[in-house]
Amino acid sequence: MDYKEEVLKLLSKFVKDPILEIPPNPELGDYAFPCFSIAKVQSKSPNEIAKELVAKLKPNKYVNKILVMGPYINFFINKDILAGAAIKNILEKKDSFGKSNIGKSKKQMIEFFHANTHKGVHIGHIRNICLGESISKILDFSGYNAIRANYQGDIGPHVAACLWGLLNMQERVPKENKALFLGEIYSKVNELMKNDKKIQEGVREINKKLYSGDKKIVSLWKKSREWCLKDFNKIYKDFGVKYNKLYFESEVEKDAIKISNNLLKNKIAQVSDDAVIIDLKAYDLGVAVLLTRYGTPVYHSKDIALAVLKSKQYKLDKSIHVVAKEQEFYFNQLFKMFEIIKSPLANKSLHLIYGLVMLPEGKMSSREGNVVLYKNLINKIKEETLKETQKRHKWNAKKLEEVSNKIAFSALKYSMLNRENNKIILFDWKTSLNFEGDTGPYVQYAYARASSILKKSKNKLNPDYLLLKDPFELKLVKHMSNFPFIVREAATHYRPDIIANYTHNLAQIFNEFYHNCAVISEDKPLEAARLSLVKATMQVIKNSLNLLGISVLEEM
RNA sequence: GGGCCUGUAGCGCAGCCUGGAUAGCGCAUCUGCCUUCUAAGCAGAGGGUCGUGGGUUCAAAUCCCAUCAGGCCCGCCA
């Protein structure tokens, strides 16, 4: 039962697809219907419409008061059933509260993380993995079948550059953090080759050898690649991602060449400056290169081959690429090519755009080496949360670490998800080490406090929901019952930030309640009713944090 | 030169799709609140030409046009 639904039911007898608003002040009502749109169609004054309409609307057991306020019709939910219905619903549905089936089991492959091997994993990749996993969870929760995939760049010029460094720079390979070491080599080689044609030539040679299967190069590649993949696996674990499918550029590279040559044969592609290209100027999309003048495939052709591979393995309703804004033009090209060559993923592909993570100095670049590495960041955050946890609790080392790690990931994930996708994130250390206000830890804290109330109370009475009539209680109840609508909104727009915002707001409202309404008290019936409200709040916080990939804590 | 995105308080953001009731939130600043369920909290104060200029409308942060500022992209990197 949902009372927004009840109001809509009531209204929809007279109005087609009414849109409800929440009045600015709860004293004005619980929901409002503005009559301006009808006024326009019927060319009457909205105040008049409101008066006429309200005469037709009959209060019922859910909506017990309907008032006109100028051009608005304000609906008052029956306070006696408001809390009870909502709380019962939440406590019955538990982890499924908010779940829907708007997706009708449609298969949506969502491709994310996309880190390349032989390069450092930085905070840009972290925004990507947080977004991808959260969106997957939101889709699953909304009845879609989200297929998590990762397409990893394990081959190509950047890898060749790194291998060149391994062969020529005589740096000692460390025992630990080998992936980080490779990232450093990579940016060092880029620095060296900037003005050095010989090194550029050497890197190109290695790239060619890599593609042609030179034994020595391939074995070095396999070994170093493994270091990175091991690191990636650790990161997947950190972020709770279980991929259905891991793709590699190296597995589509041969098909990419084949497909390119076929397109050339069929005159869809052409040779230009010794490279194989598709001319997309007719669509204002410039020119897309499939094969370089050296015959090596580039990302366009590899992505075309990947689409073929994906379609062979899955019957997809949609293929979503979580990739930063900077590649928008590229995806426009790619999707146009899908249409031209009648790829099975034509018109089923979506570039899910998010803004870059920028440093105060500007854009991050693995080539330049001016990146904030994931490892450094998470370690720093963990250090900070450990300090804070130690201040508050005398736990053993194991528990301290366990809890502070969860808080650290909550802070990191939340900060990557609480902004609208298009927004650029300007990274700064101070903000990412803040655990107050609009942060993950703040929300976790509300949950921990709630949990602590439950532990302290021994009340076993059946709750009488009629006792919940305090404005703080009702505000909380109303906000919670909005959760299913919020999830739907987040799912249709692929926007975890909507969930993050909602959750923060929920925690705020709970904290207001917490400070204004003592749960544990002499009044045992009231205590029982409030306990049920606390339980419901915990459930909704848990469900929404779960969609962000953030875990809850009983104590912190 | 072209395309896309962003511009809301000192800073970071939500609201814009679907125009409506006093423009919300967080950080920072200032003032209170731990003998009462965890102060990673709460209450209060100050802080706004919603980039600018037009237009549409009874009504514009929201829609349209123009313009300015910042960011990213525009064939052999991904």
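Good morning. The structure holds 28 salt bridges, a salt bridge being a side-chain nitrogen of Lys or Arg within 4 Å of a carboxyl oxygen of Asp or Glu. This is a predicted model, in which local features need pLDDT of at least 70 and side-chain atom pairs count only at pLDDT 80 or more, while totals for chains, interfaces and linings use all residues. Residues are numbered from 1 along each chain as its sequence is written, chains are lettered from A and ligands numbered from 1 in the order in which they are written, and side-chain values use heavy atoms, with hydrogens and water left out.

Side chains of opposite charge can pair when their charged atoms come close. One of the salt bridges joins aspartate 30 to lysine 478, with 2.6 Å between the closest N and O atoms. Aspartate 30 sits in the loop between helix 1 (3-12) and strand 1 (31-34), and lysine 478 belongs to helix 17 (residues 471-481), so this pair ties together parts that are 448 residues apart in sequence. Helices (H or I, at least four residues) and strands (E, at least two) are here DSSP runs, numbered from the N terminus. Are the two partners buried or exposed? Aspartate 30 is buried at a relative accessible area of 2%, and lysine 478, at 18%, also counts as buried. The cut-offs are under 20% relative accessible area for buried, over 50% for exposed, and partly exposed in between, with a 1.4 Å probe and protein chains only.

Glutamate 473 and arginine 530 meet through their side chains at 2.5 Å, N to O. Glutamate 473 lies in helix 17 and arginine 530 in helix 20 (residues 524-547), so the contact links parts that are 57 residues apart in sequence. Glutamate 473 is buried, with a relative accessible area of 1%, and arginine 530 is buried at 10%.

A local case is found in helix 13. There the side chains of glutamate 384 and lysine 387 form a salt bridge of 3.6 Å, N to O. The two residues are three apart in helix 13 (residues 374-392), which means that about one helical turn separates them. Lysine 387 is partly exposed, at 47% relative accessibility. Finally on this topic, a network of salt bridges links Glu133, Lys137, Asp140 and Arg148.

I turn to the sheets. Strands of a sheet pair through backbone hydrogen bonds, either parallel or antiparallel. In what order do the three strands of the open sheet stand? The order is 1-3-2, with antiparallel pairing; two strands pair if DSSP finds at least two bridges between them. Strand 1 and strand 2 (63-69) are at the edges with a single partner strand each, and therefore one side of each has no neighbour in the sheet. On average, neighbouring strands of this sheet are turned by 20 degrees against each other, direction ignored. Four antiparallel bridges connect strand 1 with strand 3 (residues 72-77), and proline 34 stands opposite tyrosine 72 in strand 3. Helix 1 lies across strand 1, strand 2 and strand 3 and runs at about 135 degrees to strand 3; axes are lines fitted to C-alpha atoms, for helices over the stretch in contact, and angles run from 0 to 180 degrees between N-to-C directions.

Tyrosine 72 returns at the surface. Phe36, Met69 and Tyr72 form a nonpolar surface patch with about 270 Å² of accessible area together, areas coming from the Shrake-Rupley method with a 1.4 Å probe and, for residues, only the protein chains shown counting as cover. Phenylalanine 36 belongs to helix 2 (residues 36-42) and is partly exposed, at 39%.

Elsewhere, strand 10 (residues 318-324) and strand 11 pair in the parallel sense over six bridges, with histidine 321 opposite histidine 351 in strand 11. Five of the six residues of strand 11 (residues 349-354) are buried, so the strand is largely enclosed by the rest of the structure.

I close with the chain as a whole. Chain A has 20 helices and 14 strands, and its C-alpha atoms fill a box of roughly 80 × 65 × 40 Å along the principal axes. Buried residues make up 54% of its 556 residues. Chain A exposes about 26,900 Å², of which carbon and sulfur atoms supply 51%.

Key
Patches are made of residues with over 30% relative accessible area and no salt bridge: like charges are joined within 9 Å, nonpolar side chains (Val, Leu, Ile, Met, Phe, Trp, Tyr) within 5 Å. Contact means heavy atoms within 4.5 Å.
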